[in-house]
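Here's one to look over with the structure open beside you. Let's ask where some of the labels come from.

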Amino acid sequence: MTTVVTDNCRKCRFTECVSVCPVECFHYDDEMLYIDPNVCIDCSACVPKCPVTAIYEKCDLPEEKSGWIEINAARSASLPVCTGRMELLPGALERKAELGF
Amino acid sequence: MSAIEVQEKRAVCCACHQQCGLVVRTRANRIIDISGDKQHPNSAGFACLKGTRAHELLDHPDRIHHPLKRRGRRGGGEWQQISWEQALDEIAASVRKLTDSHGAEALAYSFGTFHGADWGIGERFMNLFGSPNTVAQDKVCYGPGALGEMLTYGFGPSFFTFPIPGKTRCVVLWGFRPSASMPLLWRQILWAKNAGARLIVVDPERVKEVHQADLWLQPLPGTDTAVALGLIHAIIRESRHDAAFVESHTIGFGELSEHVSSFTPEQVESLTSVPSSKLVQAAHLLTEQSPAIIHAGNGLCQSGRGAVQTGRAMACLIAITGNLGVEGGHALTGPPRDLLANGDAIASSALPPAQRNKRLGAERFAVLGAGYADLDEAVSRAWYGRKHLMNWLSSAHEPTLWRAIVDQQPYPVKALVLQHHNPVGASANAGLAAAALAHPNLELLVAQDLFLNAASSLADYVLPAAHWLEKPFLSMGLGLLGFAGDYVECKPAVLSPSHAHRGDYDFWRDLGRRLGQAGDWPETLEAFWDTCLAPASLDFATASSRLGPLFGPETRAGRGAASIQDTPRAEYGTPSGKIELRSSLMERWGESALPEYSRPFVVDASKDEFPLTLTTGGRKIEGFHQDAQLMPAFRRRNPMPLVSMHPETAREADIRDGEWVWLETPMGRVRQCARLTEDLHRRVIHADRWWYPERAGDTEDPFGWRTTNVNVCTDSAYESCDPVLGTWLLRGLPCRIVKDRDTATAGTKSERTA
């Protein structure tokens with residue numbers, strides 16, 4: 001099993017997910033978060049917390065988003081770990097509305 | 001408040017043993033949603049999908065809503081809906097008739113692991129009724145490890161002790177994947193690691209925890225005792241043990257040193273496949289980084305014959321390294337002092353000794369029979385004079401139950417009550433369990449459950465169980481078991497039971513009232529718990545008003561002159577009052593007094609025919625025991641049973657990833673889907689427990705268990721069981737894998753999409 005962050009996270013980075021994660025598996029860049037599959041325990045605590053439905057369990061991942069499995073694994077390996085809530089990215093609320101949430 | 005208003009309630013999750021705090025929103029006695037409670041002091045907002053999607057099980061369309069009485073043949077699937085009153089009247093009459101003719105012991109009761117706080121409460125009825133035959137899963141669920149500790153230092157398990165970040169300097173995870181089974185503990189271990197603690201993992205599989213480890217040992221399943229004895233040897237050889245602690249607290253050190261002398265790193269490598277250099281490295285890390293906690297998991301409690309000796313070896317390792325009773329090491333909490341937990345709440349002393357001696361398995365397994373009193377007396381001396389503290393691990397022996405039904409040996413068992421327990425899924429040698437449940441010798445089979453499954457569908461009466469969200473909650477450490485000492489947490493039920501669902505307690509109360517126990521069963525579970533809390537000057541309502549548990553002095557009544565704490569007591573609950581590296585009780589029972597290594601044993605197993613080693617039932621976070629099969633969240637992730645193997649092992653058998661293959665042991669064979677992974681040792685196979693709820697109507701193989709459940713291949717022969725406790729053999733069996741030439745490819749597509 002794998003749990004992944006997908007494109008809806010871009011330009012939002014609400015980090016609600018990080019506040020309930022028991023294992024510090026989220027990593028971040030300027031745009032979004034990524035999950036380290038070797039650390040994530042697939043508890044799904046984060047999945048319902050995401051305000052923009054960016055996080056999926058692999059078994060629920062839409063086909064067109066399957067590339068995000070590789071991206072999460074690759075990006076998380078080299079990015080800093082996110083240890084707590086972060087500031088919203090500028091325009092996050094507008095972006096959320098745009099996405100229909 | 002109007003019934004259609006949204007209500008927000010606090011609850012404690014019963015979807016596994018972790019007991020995370022939940023916030024549940026309801027409307028009109030229905031769940032809207034469930035989330036982790038950020039205010040809860042233990043879980044602090046965390047809840048996994050078993051909790052947040054618990055309503056998927058609660059509201060499952062296949063749930064049983066009304067009492068059912070069998071029509072036609074057993075297992076024929078024809079039912080008549082009846083009232084609870086009729087069911088209870090008829091069951092009571094049948095129990096009376098059968099036990100009048102065959103004795104109280106002809107009634108047995110077997111319950112499944114944690115499914116709400118009243119799990120196992122039927123033992124109270126059984127003790128009052130005079131039947132010693134309450135059957136539980138303790139033999140394969142921490143019993144062997146806990147017994148190993150109790151024999152050594154008079155209480156246990158201490159394996160669950162949470163590390164203290166900044167104090168604990170080394171954590172060992174041994175046959176234990178808390179990332180799946182105890183995520184709150186895993187979170188705490190990671191915090192300790194962030195504060196500098198080192199992590200050693202001992203596991204045949206590269207589990208999640210290995211990615212965080214400083215050192216990983218990969219022994220073959222069933223060889224853990226040899227690894228432990230090798231560590232003890234390496235530590236003593238280099239004088240790395242805690243000599244001062246050993247000198248003042250233990251007896252038998254010299255004999256232990258001599259006993260382990262043959263377990264050199266090289267010898268251990270040949271027995272376990274752990275490289276000698278890694279073993280020595282582990283011995284160094286463990287002793288240089290103290291205090292340490294060794295979390296010996298349930299993976300060590302399911303290998304049959306040597307299970308208790310494995311627990312003893314772990315306890316000796318903990319003791320000689322001075323990690324017992326120190327801050328940041330293993331806490332020796334003992335039972336609660338004043339709370340009426342443990343054996344008292346289930347009226348253990350009401351069972352006459354003559355009846356206790358008839359317990360199924362008593363004549364064969366010491367702790368279930370004559371040895372129980374020895375252990376009880378020893379443990380009691382250290383812990384406030386309380387009796388029956390280890391009652392939970394001396395339940396009747398399930399494999400003996402099946403034989404008592406089928407062969408009527410040592411005597412016939414004619415009536416059986418199952419509560420939330422599906423032995424056809426969970427028991428070793430599932431075929432024997434199924435044969436016993438369907439056998440005409442068993443004249444009454446009652447199953448109270450959420451669902452019809454391969455066991456409950458064979459019953460004469462099926463009773464609709466309440467889901468844990470429909471029941472009040474109480475935890476004294478672990479339900480009634482009390483590992484966490486002075487600790488209690490309570491919460492009222494989130495929902496009132498819908499349809500005709502009733503709790504486990506309600507069944508036994510109403511049966512008890514029909515069979516001479518009218519004065520022993522308060523009307524409600526909360527009122528019963530009031531009687532358990534009263535000695536600590538607490539009651540259910542007061543304890544429920546607290547967010548999180550009460551613990552320590554808050555649960556002690558402070559009874560002045562009568563206070564138990566002032567009574568002189570032994571430091572350790574062993575016959576000598578010392579830590580017994582050499583166990584006097586094991587010796588008294590005719591077993592090796594020093595922790596002895598033996599491989600898992602299967603009668604008639606030829607090494608040539610079965611060259612691989614099988615381990616089974618590794619935990620996944622999305623499921624908890626047999627309930628997992630019914631949970632949509634589990635099945636989305638796990639559509640079919642997987643047998644995992646190393647790619648090299650698969651190549652040798654001409655097996656490709658995703659093909660259906662036969663897994664075979666001397667016991668039998670099942671078909672599962674191959675999963676290739678480099679995370680497993682080349683000589684090790686892992687297979688899932690399995691059955692298909694959606695195949696209830698399959699006439700050839702109802703629920704699909706005969707062809708897919710790995711427990712068709714596990715063993716419960718007496719010769720395979722632990723000689724002290726009776727632990728049966730679920731892990732460490734010899735096995736082989738065979739390509740299914742007929743359906744390997746064809747089956748893949750159709751069954752995957754089924």
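Q: What makes the pairing of Arg53(B) with Glu57(A) a salt bridge?
A: In this predicted model, the side chains of Arg53(B) and Glu57(A) sit 2.9 Å apart, N to O. The cut-off is a Lys or Arg side-chain nitrogen within 4 Å of an Asp or Glu carboxyl oxygen, so the label applies.

Q: How many salt bridges are counted between chain B and chain A?
A: The count is three.

Q: What area is buried between chain B and chain A, and which residues of chain B supply much of its part?
A: About 1,700 Å² is buried, with carbon and sulfur atoms giving 51%. On the chain B side, Phe46(B), Lys208(B) and Arg637(B) supply 32% of what that chain buries against chain A, more than any other three residues. As for contacts, 21 residues of chain B touch 19 residues of chain A.

Q: Why is helix 8 of chain B called roughly parallel to helix 13 of chain B?
A: The axes of helix 8 (residues 224–237) and helix 13 (residues 307–320) of chain B cross at roughly 25° and come within 9 Å. Angles under 35 degrees count as roughly parallel, so helix 8 of chain B gets that label against helix 13 of chain B.

Q: Which residues make that contact, and of what class are they?
A: Helix 8 of chain B brings residues including Ala228(B), Leu229(B) and Ile232(B), while helix 13 of chain B brings Ala313(B), Met314(B) and Leu317(B), among others. By class, the contact has 11 nonpolar, three polar and one charged residues.

Note on methods:
Residues are numbered from 1 along each chain as its sequence is written. Chains are lettered from A and ligands numbered from 1 in the order in which they are written. This is a predicted model: local features need pLDDT of at least 70, side-chain atom pairs count only at pLDDT 80 or more; totals for chains, interfaces and linings use all residues. Side-chain values use heavy atoms; hydrogens and water are left out. Axes are lines fitted to C-alpha atoms, for helices over the stretch in contact, and angles run from 0 to 180 degrees between N-to-C directions. Helices (H or I, at least four residues) and strands (E, at least two) are DSSP runs, numbered from the N terminus. Angles under 35 degrees count as roughly parallel, over 145 as roughly antiparallel, 65 to 115 as roughly perpendicular and the rest as oblique. Contact means heavy atoms within 4.5 Å. Ala, Val, Leu, Ile, Met, Phe, Trp, Tyr, Cys and Pro count as nonpolar, Asp, Glu, Lys and Arg as charged, and the others, Gly among them, as polar. Buried area is the accessible area (1.4 Å probe) that two parts lose on being put together, summed over both.
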